[in-house]
Amino acid sequence: MRVFSRIGTLAVAATVLTGMTALQMTLVVIGNITDFDTNRDFVRHVLAMDTTFQSPNMMWRAITSPGLADAAYVAVIAWELLTALALIAGFIAWMRAHLAGRPLSTAKQLSSLGWVMQLILFGVGFLAIGGEWFQMWQSSKWNGLQPALNYLIVASFGLVLAHLAAKESKRGLG
């Protein structure tokens, strides 16, 4: 019965969410590596702003060099990989904390690192830079704002959950 009473705790919820986002980011990396051309084309079109409204007042921002666009895409994949690794390490730390009765601080720090990296990628990279600077919101075909928002929401919720779980655990409630 003790096991069942712990399932509903914030710490277990943080563990599950960390594991889920670690898996999700790992699959994103695998997808971007094994189907490199699809998302490379996405990045190239967003940076080239070739499906936006083509306002002369904005088009000076466009990056049409395939080499620069590809370098940006490789940097995104590298960031996604590091994010996935941080979240995997966080998940392992959560599991160790549960199984060995260890403090949650390491798990909280590692998963928080992963989620902050996810916030930077999808909030700064996709919403702010892609969405606004490169006017991605204007494109009906090359618009990744909604998926980016989904990742942003999950990461934000995960950060709050992990910090609440650690706080609850310190008070002896988890």
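**Note on the predicted model**

1. A nonpolar patch on the surface is formed by Trp60, Trp79, Val116, Ile120, Val124, Ile129 and Trp133, which together have about 650 Å² of accessible area. Patches are made of residues with over 30% relative accessible area and no salt bridge, nonpolar side chains (Val, Leu, Ile, Met, Phe, Trp, Tyr) being joined within 5 Å and like charges within 9 Å. Accessible areas come from the Shrake-Rupley method with a 1.4 Å probe, and for residues only the protein chains shown count as cover. Helix α5 contributes the largest share of the patch, five residues. Val124 lies in α5 and is partly exposed, with a relative accessible area of 44%. The burial classes are buried (under 20% relative accessible area), exposed (over 50%) and partly exposed (in between), with a 1.4 Å probe and protein chains only.

2. On the basis of the model: this is a predicted model, in which local features need pLDDT of at least 70 and side-chain atom pairs count only at pLDDT 80 or more, while totals for chains, interfaces and linings use all residues. Residues are numbered from 1 along each chain as its sequence is written, and side-chain values use heavy atoms, with hydrogens and water left out.

3. On the overall fold, the protein chain has six helices and zero strands. Helices (H or I, at least four residues) and strands (E, at least two) are DSSP runs, numbered from the N terminus. The C-alpha trace spans about 65 × 30 × 20 Å along its principal axes. Of the 174 residues in the chain, 40% are buried.

4. The largest pocket has a volume of about 660 Å³. It is lined by 29 residues, and the closest to its centre are Phe42, Val43, Val76, Leu121 and Phe126. On a 1 Å grid over the protein atoms alone, a pocket is an open set of points with protein on both sides within 12 Å along at least five of seven lines, a cavity is a set where a 1.4 Å probe fits but cannot get out, and lining residues have an atom within 4 Å of a point. Grid points are joined across faces, edges and corners, and a volume is the space filled by probe spheres set on the points.

5. Which helices supply the lining of the largest pocket? At least two residues each come from α2 (10–34), α3 (36–48), α4 (66–100), α5 (105–133) and α6 (145–170). The most is given by α5, with eight residues. By residue class, the lining divides into 22 nonpolar, six polar and one charged. Here Ala, Val, Leu, Ile, Met, Phe, Trp, Tyr, Cys and Pro count as nonpolar, Asp, Glu, Lys and Arg as charged, and the others, Gly among them, as polar.

6. The count of cavities of 30 Å³ or more comes to one. The largest cavity has a volume of about 40 Å³. Its lining consists of His45, Val46, Met49, Thr51, Thr52, Phe134, Gln135, Met136, Ser139 and Trp142. These residues divide into five nonpolar, five polar and no charged.

7. Three salt bridges are found in the whole structure. A salt bridge is a side-chain nitrogen of Lys or Arg within 4 Å of a carboxyl oxygen of Asp or Glu. Arg40 pairs with Asp37 at 3.4 Å, N to O; both lie in helix α3, three residues apart, about one turn of the helix. Arg40 also meets Asp41 in a salt bridge, at 3.6 Å. Arg40 is buried at 18% relative accessible area, whereas Asp37 is partly exposed at 42% and Asp41 is partly exposed at 28%.

8. Asp70 and Arg44 form a salt bridge, with their closest N and O atoms 2.7 Å apart. This pair links distant parts of the chain, Asp70 being in helix α4 and Arg44 in helix α3, 26 residues apart. Arg44 is partly exposed, with a relative accessible area of 26%. Shared partners join Asp37, Arg40 and Asp41 into one network of salt bridges.

9. Met49, not a glycine, has a positive phi of about 55°; Met49 lies in the loop between α3 and α4 and is buried at 1% relative accessibility. Gln54, also a residue other than glycine, has a positive phi near 65°. Gln54 lies in the loop between α3 and α4 and is partly exposed at 38% relative accessibility.
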